[in-house]
Amino acid sequence: MSDILMPKATAVWLVDNTSLSFEQIADFCNLHPLEVRGIADGEVARDIRGADPIGNGQLTREELDKAQANDAYRMKAQVSRHAELLKPQKKAPRYTPVSRRQDRPDAIAWFLRHHPEVTDAQISKILGTTKSTIDQVRQRTHWNAANIKPVDPVTLGLVGQLELDALVKKAAEKKAKDDLKKGILPEDPTLRPASETGVVETPEEDEEKEYRASRAEPKAEDVFGKSTYVADDEDDDED
């Protein structure tokens, strides 16, 4: 028997609009007969509005007439067109052209090297690959491991840039939340002392220092040269 949409609402309508027995209604709506009796007594589903099973395509008039003419008859539900619309649609697996499938290990290697925060499940979903293949690339046990090199999946044409950016952002935010739960604070090297950051002066900075030193204000000795005057002994005697 097909599952009935809104079984209690359907039972309310059948109780109010037909001469079916409680057992027939209970069997059709997958309810207990006592629950149907409670609906008839106004103790159950008091605020529920009845739903017509004939109008929504779950029951035919012929079935209802047969059941009302014979208490032993059990009605058979129809497959509702509404039920088909309400069924969750499963997303089709990602299709990768045959010509691109050999590029997936390179894309996997790119994720493992540049974005370790992206989980295997996310990589598997976005690339249309399997977790076993990801493990093989990670452990370098893939049959083509010697030729695998990290390549951006966008460059390979496996995913779009917007899709990749959204995935990386989502994975980074999740990792940040997990780190906060563990008490791990994000490191910011700009807030640490220079002695701890290990800043190394570049050749360009050394050249700038030399240039500034050469532009310093010259001394008198640099302009006129050192004095060569020597006092004579005669001058001393005259004094």
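Let's start where helix H1 (residues 7–17) meets helix H3 (residues 33–41): their axes come within 10 Å and cross at roughly 60°. An axis here is a line fitted to C-alpha atoms, for helices over the stretch in contact, and angles run from 0 to 180 degrees between N-to-C directions. The helices themselves are DSSP runs (H or I, at least four residues; strands are E, at least two), numbered from the N terminus. H1 and H3 are therefore oblique to each other; angles under 35 degrees count as roughly parallel, over 145 as roughly antiparallel, 65 to 115 as roughly perpendicular and the rest as oblique. The crossing of H1 and H3 is also right-handed, a word used if the near helix is turned clockwise from the far one by less than a right angle, with anticlockwise giving left-handed.

Keep in mind that this is a predicted model, in which local features need pLDDT of at least 70, side-chain atom pairs count only at pLDDT 80 or more, and totals for chains, interfaces and linings use all residues. Residues are numbered from 1 along each chain as its sequence is written, and side-chain values use heavy atoms, with hydrogens and water left out.

Which residues of H1 and H3 meet? On the H1 side you'll find Lys-8, Ala-11, Val-12 and Val-15, and on the H3 side Glu-35, Val-36, Ile-39 and Ala-40. Contact means heavy atoms within 4.5 Å. Sorted by class, this H1 and H3 contact has six nonpolar, no polar and two charged residues. For the classes, Ala, Val, Leu, Ile, Met, Phe, Trp, Tyr, Cys and Pro count as nonpolar, Asp, Glu, Lys and Arg as charged, and the others, Gly among them, as polar.

H1 also has H2 as a partner. The axes of H1 and H2 come within 10 Å and cross at roughly 150°, which makes H1 roughly antiparallel to H2. This crossing is right-handed too. Pro-7, Thr-10, Ala-11, Leu-14 and Val-15 of H1 meet Ile-25, Phe-28 and Cys-29 of H2. The classes in the contact of H1 with H2 are seven nonpolar, one polar and no charged residues.

Asn-30 has a positive phi of about 60° although it is not a glycine. Most residues other than glycine have a negative phi. Asn-30 counts as partly exposed, at 48% relative accessibility; buried means under 20% relative accessible area, exposed over 50%, and partly exposed in between (1.4 Å probe, protein chains only). Arg-140 also has a positive phi, near 60°, and sits in the loop between helix H9 (131–139) and helix H10 (153–156). At 56% relative accessibility, Arg-140 counts as exposed.

What about helix H7 (residues 104–114)? H7 is mostly covered, with eight of its eleven residues buried. Those are Arg-104, Pro-105, Asp-106, Ala-107, Ile-108, Ala-109, Trp-110 and Phe-111.

Over in helix H11 (residues 161–181) you'll find Lys-170, which is exposed with a relative accessible area of 57%. Its C-alpha atom is 8.6 Å from that of Val-118, 52 residues apart along the chain.

Of its 239 residues, 28% count as buried. Among contacts with a separation of 6 or more, 62% come from residues 24 or more positions apart.
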